[in-house]
Amino acid sequence: QVRLVESGGGLVQTGGSLRLSCQATGSIFTVETMGWYRQAPGKQRELVASITGRGVTNYADSVKGRFSISRDNAKNTISLQMNSLKPEDTAVYYCNAAVISATNYRVLSYWGQGTQVTVSS
């Protein structure tokens, strides 16, 4: 069984910063790409940023230059540093990971429970 445990999030004013973290735990052989998605009310879930096991990153255009994703492979953990936050960044942020199970060596996609980020104007 694999779980993604998220931390961080909260309420911040426009221009402020927040840091999200996510750790994959459980029966893991290896973790492939990890990333953060977000979903605002009435909108579809969208990719915010992702990072491969080799550290190749990908960002949504709306967050480039403001958000930075990093990874600690030894701890199966990613972090998302969010700077210069805007009200339009308000959403529930979800961690996602593609995990190769140590039990059956299959690749499965897992989601965290979500963490609220609210940016006040």
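Modeller: What follows covers the aromatic pairs, the charges over rings and the salt bridges of this predicted model.

Biologist: How many aromatic pairs does the structure hold?

Modeller: There are two aromatic pairs. Phe 29 and Tyr 105 form an edge-to-face pair, with 5.2 Å centre to centre and 80 degrees between the planes.

Biologist: Where do Phe 29 and Tyr 105 lie in the chain?

Modeller: Phe 29 belongs to strand β4, whereas Tyr 105 is in the loop between β9 and β10, so the pair ties together parts that are 76 residues apart in sequence.

Biologist: Is Phe 29 buried or exposed?

Modeller: Phe 29 is exposed, at a relative accessible area of 53%. Tyr 105 is exposed as well, at 54%.

Biologist: And what geometry does the pair of Tyr 37 and Trp 111 have?

Modeller: Tyr 37 and Trp 111 are edge-to-face, 5.0 Å centre to centre with 65 degrees between the planes. This pair links distant parts of the chain, since Tyr 37 is in strand β4 and Trp 111 in strand β10, 74 residues apart. Tyr 37 is partly exposed, with a relative accessible area of 24%, and Trp 111 is also partly exposed, at 40%.

Biologist: Turning to charges over rings, which ring does the charged end of Arg 45 sit over?

Modeller: The charged end of Arg 45 is over the ring of Tyr 94, 3.7 Å from the ring centre. Arg 45 also lies over the face of Trp 111, 4.6 Å from that ring centre.

Biologist: Now the salt bridges: how many are there in the whole structure?

Modeller: A search finds four. In one of them Arg 38 pairs with Asp 89, the closest N and O atoms being 2.9 Å apart. Arg 38 is in strand β4 and Asp 89 in the loop between β8 and β9, so this bridge ties together parts that are 51 residues apart in sequence.

Biologist: Are Arg 38 and Asp 89 buried or exposed?

Modeller: Both residues are buried.

Biologist: What does Arg 66 meet in a salt bridge?

Modeller: Arg 66 meets Asp 89, at 2.7 Å from N to O. Arg 66 lies in the loop between β6 and β7, and Asp 89 in the loop between β8 and β9, so the pair ties together parts that are 23 residues apart in sequence. Arg 66 is buried, as is Asp 89.

Biologist: Which residues do the shared partners join into one network?

Modeller: The network consists of Arg 38, Glu 46, Arg 66 and Asp 89.

Biologist: And what is the N to O distance between Lys 64 and Asp 61?

Modeller: Their side chains meet in a salt bridge at 3.1 Å. Asp 61 is exposed, with a relative accessible area of 64%.

Key: Residues are numbered from 1 along each chain as its sequence is written. This is a predicted model: local features need pLDDT of at least 70, side-chain atom pairs count only at pLDDT 80 or more; totals for chains, interfaces and linings use all residues. Side-chain values use heavy atoms; hydrogens and water are left out. Rings of Phe, Tyr and Trp (its six-membered ring) pair if their centres lie within 6.5 Å; planes under 30 degrees apart count as stacked, over 60 as edge-to-face and the rest as tilted. Helices (H or I, at least four residues) and strands (E, at least two) are DSSP runs, numbered from the N terminus. Buried means under 20% relative accessible area, exposed over 50%, partly exposed in between (1.4 Å probe, protein chains only). A charge sits over a ring if NZ of Lys or CZ of Arg is within 6 Å of the ring centre and within 35 degrees of the ring normal.
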